[in-house]
Structure formats: structure tokens, C-alpha cells
Amino acid sequence: MAQGENATANTGTLINVNVRGPEWRGRDPHSPDYLDESSDRLAEVVEEQLRQQKKHHGLHDQLLVPFSIPDRPVGHSIEEIFDSDAVGVSWAAACSSGQLDKVIQEFERLPKRRLVIVGAAGAGKTGVVINFALLLLDGRSTKRETAGRKKVAVPVVLPLGSGAMDHNESLDHWIALRLVDLYGEAFGVTGRMGRKRAIRLALRLVRTGRVLPILDGLDECAEPLQPMVVAKLNADGRPVVLTCRMPEYEKAVTGEWEDGTDYPVLHGAPVLELQSVPVEEVQKHLGRATHPKYLPKWDQVFARLQEDPFGPLVEALSTPLMVWLARIIYAHRKNDPSELLDFADCRSIEGHLLDQFIPAVYSDGPLSQFPQRGRSMKDKKAEHWLTSLAQLQQRLKTRDLAWWELAKATPPYVTGLLSGIVGCLLATLGVTLAIGISNGVEAGRALGPAGGIEAGVWAVGNIVGVGIGLGIVAGIVAAVIGWFAAKNPPSPSALMIQVQRGFKPSLRRLFDGALPGLLGALLFGAAVWLLYGIKAGVLATLVACAVAPTSTAVAWLTNTIADARRTKSSRRATHDTRPSSAFDRDRKAALWNMLMVGVIAGGLAAGIVEVLIRPTDLPPVLAAGFTTGVGFAVAAGTRMAWVHFLIAQAWLAAHGETPWRLMDFLDDAYDKNVLRQFGDRYQFRHTLHQDRLLERSEEPDLPTTHSRRRRKLRGALIVVTLIPFASFGLWAVYLQSTKRDTECYPSVALQTRTDPHFRVTVSSAHSASQPAILLQRANCVLRPSTSPSNNYQDKVDLDSGHPGHGKTKVQIGHRRDGGLAEIILERHKILTASGSPAYVKIDHGLAMDYYACRSALQATAERVNGIRNDELQKGDRLCVETSQKNIALVYIIEPPERASPRLLITFTVWDS
């Protein structure tokens with residue numbers, strides 16, 4: 001849990017426990033002291049991430065590359081900026097030295113503190129600006145100590161290749177958004193409202209000059225945007241550092257607008273160009289990185305570098321990227337670098353080094369993501385995955401590998417269908433298993449473990465059709481919500497709790513939560529209508545509308561999923577700033593949210609059913625609870641980035657575009673320096689590598705292979721989706737074909753009985769001194785039931801001879817005549833619907849008539865409200881007081897057995 005000024009991340013919950021930063025403690029967010037503290041937090045986060053990148057990528061061992069001032073018309077000269085030739089001499093000396101601290105000294109003297117750094121592809125511009133920012137941060141600490149709380153800008157590296165800038169978007173707003181995206185931890189981002197506050201705070205820092213943006217990679221912007229970015233910087237006039245490849249920058253500042261006016265150069269900014277790495281520096285670096293045992297293998301390469309200073313090898317190894325690739329490929333392995341001498345031109349050497357990079361880093365031992373299985377990732381397999389990821393980035397038009405944005409590569413209908421399938425499966429399993437377990441436990445108390453298991457298995461088979469129907473309802477709700485959520489996939493979040501105030505947000509959350517519940521209620525009513533008729537359907541819809549929307553609305557209001565947005569947790573909670581740590585936080589938040597929503601919604605639904613319907617047994621309560629809870633929990637999951645990532649990962653992996661354990665693969669690629677990290681996003685270490693993978697990919701074959709797989713997957717998805725509907729349809733047809741009432745026959749059948757005691761009962765029934773016989777039925781068959789589809793089979797109303805009903809207020813299922821049932825057969829006992837003692841068991845040797853039964857029932861100490869099935873025997877007689885206060889004598893013809901829980905009775909009812 002975060003403490004002090006740091007804040008854990010949040011998904012926008014109503015009731016949360018969190019200690020926020022100073023903005024949420026009643027302080028004035030516009031005060032200079034508050035802004036200074038905020039900029040200090042930002043500086044800490046930026047410095048931590050930049051130092052981690054420097055350590056990981058070995059920038060401490062960076063080549064010494066000199067700068068030069070280009071002689072092309074791409075910027076203002078130093079003499080024009082200062083109107084002094086002496087300053088130009090000092091700038092030239094600082095640039096030629098290649099030492100960044102001297103360049104920074106000259107940068108600090110610039111009137112507008114603006115600088116452009118250009119260079120060839122792979123010249124090390126990103127590495128330069130990372131070291132540049134770290135040196136400025138060191139200088140910032142010194143200035144703050146000597147100048148008190150004076151405002152000092154925080155240098156922040158912002159890649160221009162990610163987070164595309166809109167034509168109409170202000171530069172301040174774009175910088176603020178990127179600050180929150182990459183360094184949101186510094187702003188205590190907490191849900192959607194917290195993100196809005198964070199953006200406002202970032203805007204204040206930007207507009208008050210407390211942020212020095214270092215915009216890296218102007219060449220990675222779309223070509224029409226490049227001169228627009230320069231124009232916006234000129235209109236803004238802020239201090240800035242900008243990097244770009246030389247050809248792209250020259251084009252961006254020397255072209256013309258549509259009206260014929262020239263593109264502007266960046267005002268007040270000298271342009272420094274990174275030069276080629278000196279041959280001596282190349283030899284020193286490669287020799288220093290090579291084990292002495294293998295050092296002689298460089299002799300031929302070093303000789304060629306000295307002999308042909310203008311040859312293709314010198315040209316290829318003139319950038320830090322290519323020198324680093326040569327070091328990785330040859331320095332620590334037995335590979336022979338003399339093969340570089342066989343290539344005739346610079347492009348071939350560069351292509352060879354780029355091609356050999358992946359085999360070099362993936363050739364030694366197993367990948368870290370599969371240690372427990374002992375599997376190793378072959379270089380060809382790794383190259384295939386990386387190529388697919390590069391193609392995926394190309395399709396999404398981004399340079400970032402943000403795990404939550406992979407959901408954009410998955411069609412929304414796929415997310416909806418998979419969410420629906422999972423919701424249907426979980427709800428079906430939840431309903432059937434819960435009812436099976438509850439019946440098994442209850443029966444097991446009377447029949448022992450074996451009997452309990454038999455009862456549980458029987459209950460599952462009896463309720464499975466209802467479970468499938470309820471699962472379909474839950475699945476459709478989850479599918480609809482998942483489909484809508486997939487159109488705008490959520491960003492990662494982390495678990496926290498906060499208190500939200502205000503009537504409008506609460507009302508909106510209630511409304512958002514009630515809609516899925518209302519949809520589920522209407523679907524449930526439609527299913528009941530199809531099965532049992534319009535009257536039962538309307539009644540079921542009204543009941544469901546009272547249950548589902550209420551429970552889901554309250555669950556939505558009281559839990560942490562309504563406003564899930566991209567957030568960061570406190571650095572005090574975790575020091576791991578990798579994207580996988582955000583992934584882990586979002587997974588925990590998603591599971592917790594789904595659990596809490598399921599428990600709250602399901603518990604409320606079960607409670608409302610218990611109060612409103614008052615069922616005599618557990619199935620209605622469990623069915624309502626699990627259907628609402630599971631369905632809405634899955635629906636809630638579709639609003640979390642982790643769930644969308646799982647669906648996208650499964651979809652892409654099934655196509656062969658990504659590995660099944662994608663996050664482990666990305667982390668391993670980062671460890672191997674194939675990827676680099678900015679904020680909580682990965683990027684290819686260099687765009688040249690990404691472009692090379694795209695260039696080498698077999699473009700004509702990939703679409704055919706992927707489209708074939710997509711067709712198969714779509715077909716499989718449709719089949720899996722139709723299975724529950726087909727099963728439910730077959731079950732519904734079976735119900736209609738087997739619909740029947742309780743099996744009872746007219747009283748004339750009594751004359752065929754041979755039991756002497758029963759004859760006494762019959763003969764005494766015709767005595768003039770006894771009340772008239774109200775009803776006689778013979779050979780009534782009862783079978784236990786847990787399903788509304790056959791709940792007419794397990795009970796009988798002795799007053800009417802019809803199945804009757806239990807104590808449940810709302811009847812769902814086939815229409816049944818009769819009143820409150822006096823005999824309900826369960827797997828392990830018989831009981832009354834009223835729950836009041838109404839049975840007296842009579843010994844075999846006693847003759848029974850109306851008066852004998854009435855006398856027996858008047859002995860209230862002998863009366864019970866239920867009898868275990870194993871206590872019933874053939875020929876037993878029960879005296880029963882009916883719900884209408886009549887007297888009935890029930891004769892047990894065949895008692896229920898464990899293997900076949902079927903009860904056959906004959907009864908006589910006297911009108912008393």
C-alpha cells in the first residue's frame with residue numbers, strides 16, 4: 001500500500017483506501033511550492049527510469065562520438081544566435097570533443113535553451129539524449145541546492161514515434177499526455193478522474209516552464225507531421241531538445257507548404273550533427289569488449305579498417321549501432337568477424353549484422369520464460385515471433401509494443417464471443433455444480449458419503465438443462481458488454497480503494513450497472529416464455545427485473561471497475577518498472593474486481609430471490625446467485641486490460657503470430673537487448689532492426705497462411721458458440737415431448753389392492769359416522785427434482801390430487817394446478833411444503849380409519865415435518881394433516897430406494 005506523497009493506482013472505485021499526493025490533501029494545486037514538489041517527484045521518477053535504461057543498454061560504455069555543426073541551411077548558426085564569433089569558437093571546441101558535459105555547458109548559455117541533434121540512422125541519438133537528460137538532472141539537483149526552491153526544469157525524454165500528435169492538438173496538451181503516459185507514477189494517477197487531475201497537473205508543470213521536453217525521433221513521425229511539429233515549437237517558443245535523422249530534418253525545414261511558403265527552421269536552436277565513429281574508437285571498443293583469448297580474430301578486420309579508410313567496412317562501422325551489433329555477434333563468441341570482409345558494399349554489411357543479431361542473442365541456452373519445462377527458443381522461432389510483432393506494430397501504426405494495445409489487433413466480435421463462451425461455461429458449471437454439491441451434502445448427512453455422491457451426481461444431471469439455459473443468458477450479457485468494451489480497449493490499472501463523492505457519478509454508475517442486469521432479465525424472461533408460455537414468461541421477466549438490475553447496479557456502484565484507466569502504482573510498493581509489473585498489477589486488480597463484483601451481484605441476487613420468491617429449497621437461490629454473479633463478473637472482466645490481453649494473446653497465438661506466453665517472451669527479448677523500454681511500453685531497440693525484420697518477412701505468404709488460419713478459427717468459434725444453443729434447444733424439445741402431470745389413477749384401482757389394513761381404511765371410509773371421502777387416488781408416482789422443467793414430478797397436493805406447489809411465492813416452470821403440496825419427495829427424504837409437522841407414521845399392526853388418524857395427529861409430540869427415505873418401508877401408512885386441515889391416510893406401495901428414488905403411494909382424504 002502506498003504511503004505519503006505516493007499513491008497506488010486505481011480503477012475508479014467508489015470505496016477505496018488510498019493516501020494521495022498533496023493535490024488531494026486540500027492544497028492549492030496552483031501554488032509554486034506545490035508545483036515545485038510535483039516537479040521534484042517527476043524528476044525522481046524520470047531519473048530512475050533513465051538510469052535503469054542506461055544500465056541495461058550499457059550506455060555507460062558508450063562510444064565517444066564527436067559532434068559537428070552542419071554547413072547545410074537547416075538551422076540558425078551560433079554566430080546568428082549570439083551575434084558573436086567568440087561563442088562560435090567555444091561551441092566548435094565543445095562539439096569536436098564529443099564530451100556531453102561540455103555541450104551542456106554551451107546549451108545552458110543559449111538564450112532560448114533550444115537544441116537540435118541530428119545524425120544518421122543508428123548514430124546513437126537516443127543514447128545521447130538519455131545521457132544528456134541525466135547530466136541535466138544532476139545539474140538540476142545542484143541548482144536546487146544552491147538556489148533554494150527556485151524553479152528548475154526537469155528534462156524528460158519523450159519519443160515522438162509513439163503517441164501520435166494530432167494536427168489540432170496543442171503542444172502543451174500532447175506533452176502533458178505523454179508525461180502521464182510514460183511517467184504517470186509521478187502524478188499519482190488514480191482511475192479516470194485521477195488521470196484527469198494528473199493531466200491538469202502535468203499541464204501546469206509544462207506551462208510554468210518546469211519541464212524541458214526532449215523530443216526524440218522527429219523522423220519517426222508521419223512525414224506531413226514533421227514540419228508541423230517544428231512550426232508548433234516555434235509558435236510555442238519553449239526550451240526544447242529535438243532529435244532527428246539528418247535527411248528527414250533537412251526535408252522538414254527546407255520544404256514548402258501548400259501555399260508556397262517555406263517550412264520554418266527551429267528558431268533559436270543550433271543544429272549539431274553526430275559524426276561517424278572514428279576508426280580508432282571502433283578498434284578500441286571492440287578490442288576492449290573481446291576476451292583476450294579471441295582477440296586475434298579481429299586482426300584482419302582491424303587491418304582493413306586501417307588500410308581502406310573510405311571502404312564499405314569503415315562506412316558500415318561508422319555508427320554506434322553497427323559497432324554494438326558487431327560486438328554482440330563476434331566479441332563473446334567463436335564467430336569469425338573476417339566474414340565481414342566478403343561483402344562488397346556498406347548496405348550488405350549492415351544487413352548482415354542486423355540479420356545475425358537474433359541468432360547471436362538466442363543461440364546460447366534456453367529462454368528464461370521456459371525454465372520449468374526445459375524448452376529452448378530457437379533463433380528461427382524467435383525471429384518469427386519478432387517479425388510478427390513488427391508486422392503487428394505496422395498494422396497498428398505504432399512503434400510501441402504496449403501489451404494492452406494488442407487488443408486492437410483482435411476483432412471486437414472475437415472478444416465478445418469469447419467472453420460469452422467463458423461466461424456461459426462458468427455460469428453453467430457454477431449453477432450445476434453448486435446445486436449438485438448442495439444436494440449431495442444434504443443427502444450425505446442422511447445417507448452417508450456414498451449416498452451423498454449419488455445424490456449430487458443425480459442433481460447435476462437433473463439441473464444441467466436449466467444450467468445451460470442460464471449459462472446462455474449470462475453468456476449473452478458478457479458477450480454484449482465484451483463486444484462494446486473491445487471497441488475501446490481499456491488501459492491497465494492497479495488495485496486501490498478510494499472514496500468518490502458526488503451524486504452524478506454515483507447515479508451514472510447505478511445506471512451503467514443496471515443496463516446489463518436489465519438485459520439479462522429480459523433474456524431470462526424470453527427463455528421462460530419459449531419454454532412455458534407467455535404468462536410464465538411475463539411473470540419471470542418481472543421477477544428477474546426486480547433481481548438482476550438491482551444487484552448488478554449496486555455491485556457496479558460499490559466496486560472498482562466503473563472507471564478503469566491506465567494507472568501506475570507507487571514506487572514504494574514496487575521498484576520493478578517493467579511493463580510486466582503493470583501487467584501483474586492489472587491482473588491482480590482484474591481478478592479482485594471480478595471476484596468482488598461476482599460476490600456482490602450474486603449475493604444480492606440470491607438474497608432478493610430468497611426474500612421475494614421465498615423458495616422451499618436451494619436451487620432457485622443458487623441459480624440466481626451464480627448466474628448473476630458469474631455472468632456479471634465476466635462482464636466486469638471485459639472492462640479490464642488483462643482480460644482483453646488474454647483474449648488477444650490467444651487469438652494471435654492461435655494464428656501463429658505471437659507465442660502463447662507473450663509477456664515472458666517480451667521480457668526475455670528486453671533482457672537480451674532486442675527491445676528497449678520507454679515508460680511501461682517496449683520498443684525495438686532500433687527502428688533499423690524493426691524495418692529489417694519487415695523487409696525480410698515473406699509478405700506474399702503470410703497473408704495466405706494467416707487468412708487460412710483465421711477461417712478455421714472463425715469456424716471453430718462459431719461451432720463452439722452454437723453448441724450451448726443447440727443443447728438448450730434439444731433440451732427444450734425434450735421437455736415439451738415429456739410434459740405430464742403427477743401419475744395418479746382413479747379410486748377404483750383401490751379395489752385391486754390386497755393389503756388387509758388398507759381394506760380396513762377403505763371399508764371404514766363408507767361408514768355413516770365418518771366424514772365423507774373427499775378424494776381417493778391410487779398408484780401416484782413421485783420422482784425427486786431440482787429443476788423447474790420437471791418440478792411437477794416430486795410433489796402432490798393431497799387436497800386436490802394435483803402436483804400443487806411448494807412454498808415458493810413465484811412459480812417458474814410448467815403450469816401446475818393444486819395448492820400447497822403435502823408430500824414433496826427429495827433424494828433422501830419426504831417433507832411438507834409448509835414446513836410444519838404434519839406426518840404421523842402408523843405401525844403395521846393397527847387398523848386405520850378417519851378417527852384413528854385424527855387421534856394420531858392430535859398427539860402433536862408424534863408429528864414430524866419430514867421422514868427419511870430409508871425409514872419408509874413397503875406397507876407403511878402415514879396420517880397427514882393437509883394444508884386445508886383435512887385428514888389423509890397415505891399408503892406406501894413402493895418406498896424410494898437409493899438406486900431408484902421413486903415413491904409409489906395411494907391415499908384417501910376425508911373432508912373434515
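This is a predicted model: local features need pLDDT of at least 70, side-chain atom pairs count only at pLDDT 80 or more; totals for chains, interfaces and linings use all residues.
Arginine 685 lies over the face of tryptophan 324, 4.0 Å from the ring centre. Tryptophan 324 has a relative accessibility of 11%, under the 20% limit, so this residue counts as buried.

Colour helix H13 (residues 320-331), which holds tryptophan 324, and helix H14 (residues 346-361), which holds phenylalanine 357; the pair links parts of the chain 33 residues apart. Phenylalanine 357 is buried, at a relative accessible area of 2%.

Next, select tyrosine 362 and lysine 672. Here the charged end of lysine 672 sits over the tyrosine 362 ring, 5.4 Å from its centre.

Now turn to the aromatic pairs, of which the structure holds twelve. Select phenylalanine 107 and phenylalanine 132: their pair is edge-to-face, at 5.4 Å centre to centre and 75° between the planes. Phenylalanine 107 belongs to helix H4 (residues 100-109) and phenylalanine 132 to helix H5 (residues 125-147), so the pair ties together parts 25 residues apart in sequence. Both phenylalanine 107 and phenylalanine 132 are buried. For a cluster linked by ring pairs, select Trp403, Trp404, Phe583 and Phe645.

Finish with the nonpolar cores. The largest has 149 residues, and Phe132 is among the members that touch the most others, as are Leu42, Leu179, Phe187, Tyr249 and Leu353. Select leucine 179: beyond its neighbours within four places in sequence, its contacts include Leu42, Val156, Phe187 and Val211. A second, separate core has 20 residues, including Leu798, Ile823, Tyr839 and Phe907.

Key: Residues are numbered from 1 along each chain as its sequence is written. Side-chain values use heavy atoms; hydrogens and water are left out. A nonpolar core is a set of buried Ala, Val, Leu, Ile, Met, Phe, Trp, Tyr and Cys residues joined through side-chain atoms within 4.5 Å. Buried means under 20% relative accessible area, exposed over 50%, partly exposed in between (1.4 Å probe, protein chains only). Contact means heavy atoms within 4.5 Å. Rings of Phe, Tyr and Trp (its six-membered ring) pair if their centres lie within 6.5 Å; planes under 30 degrees apart count as stacked, over 60 as edge-to-face and the rest as tilted. Helices (H or I, at least four residues) and strands (E, at least two) are DSSP runs, numbered from the N terminus. A charge sits over a ring if NZ of Lys or CZ of Arg is within 6 Å of the ring centre and within 35 degrees of the ring normal.
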